[in-house]
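Reader: Please take me through a close look at one part of this model, and spell out the cut-offs as you go. I'd like a connected account.

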Amino acid sequence: MALQLGQTAPDFEADTTEGKIRFHEWIGNSWAVLFSHPKDFTPVCTTELGYMAKLQPEFAKRNTKVIGLSVDPTDRHAAWAKDIEETQGHHPNYPMIGDTDLKVSKLYGMLPYEAGETCEGRTAVDNLTVRTVFIIGPDKKVKLLFAYPMTTGRNFDEVLRVLDSLQLTAKHRVATPVNWHQGEDVIIAGAVSDDEAKTIYPNGWKAPKPYLRIVPQPRG
Ligand code: BEZ
């Protein structure tokens, strides 16, 4: 069954380009982004891995660890990394899981149980559902998941934007509106009564409708 928002992200042990890890222990008290790839040396994924390496400092600023996965062995990932650096100008600076036995792909609902237990003989198209992004919180719960088609490169700026929203809304009882970016106005959470809101926001709020109460982004 597919993983759902709010569920605990399955723990696993896996080989990565930076050695063996146990996933939950590796996440520790950070947030994590796990993004997956069907096979090494695939063109769209090549651009994505380079861009993620460029963005890695932005994730680090947000106390977020990045980890990739591809359905191939880690020594192939290392060879691919050279091409990524050469063509994208950035060498992957995060671990990449070598999911040779499809264990993690199946645990995360990216491949069906019937896919078997080896990457050998499988093509990128056989694995095309392994193009997902998961954001996992320090509580190890799944906070966001999405799957992209093989012909569309993912928008990792959007992953950063969602992280900003998740981290803000974990701290303050607010929600963020459409296309929100850091610093823009936010919505008072529905669970906050008007009486409570008056104590939190003594300067009041804009309310084009009683259920849509808008305030500047809380700081801190
Ligand atoms: C890619 O270009 O990254 C890709 C190609 C085939 C299947 C999945 C991804």
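Author: Strands are DSSP runs of E with at least two residues, and helices are runs of H or I with at least four, both numbered from the N terminus. By that rule, K206 belongs to strand β10, residues 206-209. This is a predicted model, where local features need pLDDT of at least 70 and side-chain atom pairs pLDDT 80 or more, while totals for chains, interfaces and linings use all residues. Numbering starts from 1 along each chain as its sequence is written, and side-chain values use heavy atoms, without hydrogens or water.

Now to the ligand. Around the ligand sit P38, T42, P43, V44, C45, A124, R131 and M150, each with a heavy atom within 4 Å of it. This shell counts six nonpolar residues, one polar and one charged; Ala, Val, Leu, Ile, Met, Phe, Trp, Tyr, Cys and Pro are classed as nonpolar, Asp, Glu, Lys and Arg as charged, and the others, Gly among them, as polar.

Polar contacts are pairs of N or O atoms within 3.5 Å. A polar side-chain atom of T42 is 3.4 Å from a ligand oxygen, and a polar backbone atom of P43 is also 3.4 Å from an oxygen of the ligand. For C45, a backbone N or O atom lies 2.9 Å from a ligand oxygen. On its own the ligand has 260 Å² of accessible area (Shrake-Rupley, 1.4 Å probe), of which the protein covers 89%.

How values were computed
Polar contact = N/O pair within 3.5 Å; in protein donor to acceptor, adjacent residues only side chain to side chain.
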